[in-house]
Amino acid sequence: MNKIEPSFRPGGKLAKLESVYDGMETFLFTPNTTSRLGVHIHDGNDLKRTMITVVVALLPALLFGMYNIGYQHYLAIGQSQTGWFTMFLYGLLALLPVIVVSYGVGLGIEFISAQIHHKEIQEGFLVTGILIPLIVPINTPLWMTAIATAFAVIFAKEVFGGTGMNIFNVALITRAFLFFAYPSRMSGDEAFVKVDSAFGMGQGTVVDGFTGATPLGQVATNVGDNLQLTNILGEPMSAMDAVIGLIPGSPGETSMIAILIGAALLLITGIASWRIMCSVFVGGLAMGALAHALPSATYPASMLDPVSQLCLGGFAFGAVFMATDPVTGARTKVGQYIYGLLIGVFAILIRVYNSGYPEGMMLAILLMNAFAPLIDHCVVSSNIKRRARRAATKE
Amino acid sequence: MATVRLKKGFDIQLLGAISDNAVVAAAQPQSVAVVPDDFHGVIPRMEKKEGEHVSAGEPLYHDKNYEAIKVVSPVSGTVKEVRRGERRHIDAIVISPDGGDAAVTHDVKRPPEEVLLESGLWVMMRQRPYDVVPVPGVRPRDIFVTAFDSAPLAPNLDIVLGDKRKYIAKGVEVLNGMTDGKVYIGVRENQNIDAPGAEVNTFVGPHPAGNAGIQAANIKPVNKGDTVWTMDIITLARIGELFTTGKVSHDTLVAVTGEMVQQPCYISTVMGADLETVLKNETTNLAQSRIICGNVLTGVKVEATQWLRTPYRHITVIPEINKPDEFMGWASLCPSRFSIYRTFTTWLGGLKKPVSFDSRIKGGERAIVRTGEYDAMLPMDIYGEFLIKAIISGDIDKMEQLGIYEIAPEDFALAEFADTSKLELQHIVREGLDKLRAEMS
């Protein structure tokens, strides 16, 4: 690396790629930079490590998501006896292009932006880039994902100053952009189960009686006093299916087990705030219980019991990986409880009482992202008031 | 009298601790220097020229704004050089000791402030707000004295104190006359300080429990408009000695510690002694070492050709780089890569084992991402992260509201060590304090 370094420095042939060079060098080697002023020793942890730990925490959800894509596909084409590895392979092939597009577009913009500002390439998109494929419906055309990613990275992140400066969660902005720009592709029967082949694999015709609606989609369109959730073949679905994750939905969000493994890693390493994570679940349970206590055919989601509310849709995924984003969440301890609680409450509130949106997690988190600074402001103000009072009583 | 338990903070265990408390006497220093940067807030105006003779305790320079604040020579000798840097900034005043014992004797019957200013002990004290040498004529609300140093590899102040312990009572008596409040002394558990007239409080908990400012914040915080003085027990004892004998003692014990030191020990020498004399026979491989006057968190990097710096009691020598070109260090699963966070595997083996630390930053500077890192390292009722943001954005009202008057850069040193975003917090705090001081005067 040292040999080729000069050509990347100002004046060199490849000076336009300086940020890229720095990015690669710091990726491969821990910088030999030593402290200039201030403390002489530094902790080994840096943002690269922090971000990569989150990516590792997302891996169970990612791998299971791949398997589930295959599982749903072979179920839909009537070949449910297919081996698990084939199912996984199919899912891998189906999801890989989305991952490539997400990283390609996002990192490309980050690289260019870093070079324009002559800054180091920052790690923030490592996590965002893997979150996007996990929360975007599998049948979303790649060009839509690319546009949405570009929009989110530029307008939700770079214009605010890049990693650590954004107000809204970038991955959620990507999804929200898709959700509002192309609503027809984001819900309904055709969004969540991939029925056509992936790179020539898994060809077949869809069986009769197929419906690709997610459980929450079914809830939203339910008529009458009885609520019976079904899988994509119309057979009744059990709560266990939702815990394991063999239900239609966005790739990352279906399996409670995979998500909870990731949650455990985030909590053990201390990267995610347990205050936020727990209070989201508490808020969701409370609001779910309240809604369930007053069931109504007008609002079919109120017929779901509170635990199912947490297991279905993107609630758990959002609570573990999205609400706990430290940059866009509340930063004070007291604020984190309030922030989490309100996310849980709003998510269920939107689900149940806004028939336009079968899923409320995304909107709840984005809403609370906007309010997080206000919550922190109130908490910090109490510290300021205490200090002012202390100064006043002295006289 | 009270016992304060502090939970926040962390004790970093480094290799190179002193194992036995033997004291080695250093040879007579080749040269002795006073570094004006050590006395933040004093702008030097020279009183002695190069080539002039000074006695021990005789002023070398005074402050531009308060002529009464004197900085004195620790030894008898000749002013060899006034070393200047950029824009005629005085880097160091070097004195060649003549080995004589010519020393100034002070008439201690006069008002104590006058005596302290003249004796050069005044500049060993600090005041909050701003963490500068105290402004003369301002009576402090209280005086906070710390009797222990909790920093990594720090010397045991009981040993540094030595036989000066007997002057503590006199020092407390003098300081009690200078404040309308109290003199507070913060001690460790099982540390015995006999100081009639002072309020002695015990502090239990990790570093930075030994910082006088942290102790003040947990006993009686500094409010806007207050002035308090802070110092260590050694300075207190020196003040007692001055008012007992009329002379200031410039002798000191220095803990020479760190991984690159062959035999960590206490060395007795004088303030400002040259490091070549002090470190003789102590280190190997100077080229690959970093010599720090002070501890690894708040000390200053010096060259082997330079001199001992304030607070004149600690030297740490660590490797500059112990793992050059570490391949993908951020992905390391190796338990020897030290981190207080559980994103690395160090914690599985326990964080209490002494480790090797070099001076690499181990990451690039980033915006603040992780939450609560600063608060976990700062045992004060302060939202550290919000205060740092207020300082960075230059918002003076916010700085005041969030409690900048209570802090000194040293209080944020541990947070700077732990910071995932690798921000230079002490530097940021210092700039904030300086800005505020300029604004308020």
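The model is a predicted one. Helix H1 of chain A covers residues 18-28, and helix H3 of chain A covers residues 84-116. Their axes come within 8 Å and cross at roughly 115 degrees. H1(A) and H3(A) are therefore roughly perpendicular to each other.

Chain A as a whole has 15 helices and zero strands. Its radius of gyration is 23 Å, close to the 21 Å given by the globule rule for 395 residues, so chain A is as compact as a globular protein of that length. The C-alpha trace of chain A spans about 70 × 70 × 35 Å along its principal axes. Of the 395 residues of chain A, 52% count as buried. Among contacts in chain A with a separation of 6 or more, 71% join residues 24 or more positions apart.

Chain A also touches chain B. Here 45 residues of chain A are in contact with 59 residues of chain B. On the chain B side, at least two residues each come from strand E17 (289-293), helix H8 (384-392), helix H9 (396-402), helix H10 (413-418) and helix H11 (425-440). H10(B) gives the largest share of this side, four residues. The side of chain B that touches chain A has 26 nonpolar, 16 polar and 17 charged residues.

Terms used
Residues numbered from 1 in each chain as written. Chains lettered and ligands numbered in written order. Predicted model: local features only at pLDDT ≥ 70, side-chain atom pairs only at ≥ 80, totals over all residues. Axes fitted to C-alpha atoms, helices over the stretch in contact; angles between N-to-C directions. Parallel < 35°, antiparallel > 145°, perpendicular 65-115°, else oblique. Contact = placed C-beta atoms within 7 Å. Nonpolar A, V, L, I, M, F, W, Y, C, P; charged D, E, K, R; others polar. Rg over C-alpha atoms; globule rule 2.2 N^0.38 Å. Buried ≥ 20, exposed ≤ 12 C-beta atoms within 10 Å, placed from the backbone.
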